[in-house]
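Me: Hi! Could you walk me through this model? I'd like to chat about its backbone and its charges.

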Amino acid sequence: MAEFGREDLRGSTFDWTDLSGSTFRAASLSNVTIRGTDLHHVKMTGVELWDVDISGEVSGLRINGVDVTAYVEEEMARREPDLARMRPDDPAGFLEAWDLLEELWDGTVERARRLDPAQLHEQVDGEWSFIETLRHLSFATASWVHRAIGGDPAPWHPLDLPWDEAPDDQGLPRDRTARPSLDEVLEIRRVRQADVRRVLEGLTEDSLAADTTPPDGAGWPPPRPLAVKECLSIVLNEEWWHRTYAERDLAVLESGPR
């Protein structure tokens, strides 16, 4: 095991690095950005935690002995009453959730159209631009519906955008320099949305409870059996939260030059 003592590692980047089981003593983690990273079974004692912003899947979070998970979930439900509809258990619930998402996204797209087209490529606080967000959702649909459920080993469009930390050896598209117009990405997205709707309209209790048949070849998700319900739930989750982030960033862009 490597040991680092009194090292200056400021500004370092750790990509696909396994730090599980590590111990940090008297270390400075100030101004650290953590993305797409597992923080399972982490114990922090004697820490100073100031101005920390956490977004993601949070469960079993205890602060000074108090489990705040339920409070966070209740507050989120208060702020976003429709969030509970993104956790359906039956075919009708999945279709209702998709109806709501399409309606909400139509409003968000219309809001985006009121901005200068160049602003739709602008990132706010290092997050994805509006165009990049739509490209990522296209990738998510291709991955979890076309590949995982439909069995297509490589369903991606060249403009699809995986998450930033995606591996380089899985044959995924990753053109971060592309600057397609809003209408270009919407054309791809509408086809993908229609495909999701067809899957949801054909759902039965049995097909929702079934497992997928893994496609051949590398890609995302990895070629292993997955629960159909899990795949569709991931799509709903991606659509809900990325729209939430898009609305947040559109508000910043609407406020004028930063």
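**Backbone and charges**

Reply: Happy to! Histidine 41 sits in the segment before strand 1, with helices (H or I, at least four residues) and strands (E, at least two) being DSSP runs numbered from the N terminus. This is a predicted model, where local features need pLDDT of at least 70, side-chain atom pairs count only at pLDDT 80 or more, and totals for chains, interfaces and linings use all residues. Residues are numbered from 1 along each chain as its sequence is written, and side-chain values use heavy atoms, with hydrogens and water left out.

Me: What is the phi of histidine 41?
Reply: Its phi is positive, about 55°, although histidine 41 is not a glycine.

Me: Is histidine 41 buried or exposed?
Reply: Histidine 41 is exposed, with a relative accessible area of 85%. Buried means under 20% relative accessible area, exposed over 50%, and partly exposed in between (1.4 Å probe, protein chains only).

Me: And what about asparagine 31?
Reply: Asparagine 31 has a positive phi too, near 60°, and is a residue other than glycine. Asparagine 31 lies in the segment before strand 1 (62-63) and counts as exposed at 81% relative accessibility.

Me: Switching topic: which peptide bond is cis?
Reply: The one from tryptophan 220 to proline 221, with omega near -5°. Proline 221 is in the loop between helix 5 (205-209) and helix 6 (228-254).

Me: What comes after helix 6?
Reply: Glycine 256 follows helix 6, and its phi is positive, near 105°.

Me: On to charges. How many salt bridges does a search of the whole structure find?
Reply: The search finds 19. A salt bridge here is a side-chain nitrogen of Lys or Arg within 4 Å of a carboxyl oxygen of Asp or Glu.

Me: Which residue does arginine 198 pair with?
Reply: Arginine 198 forms a salt bridge with aspartate 195, and the closest N and O atoms are 2.1 Å apart. The two are three residues apart in helix 4, so about one helical turn separates them.

Me: Which residues are linked in a network of salt bridges?
Reply: Those are Asp99, Glu102, Arg197 and Glu201.
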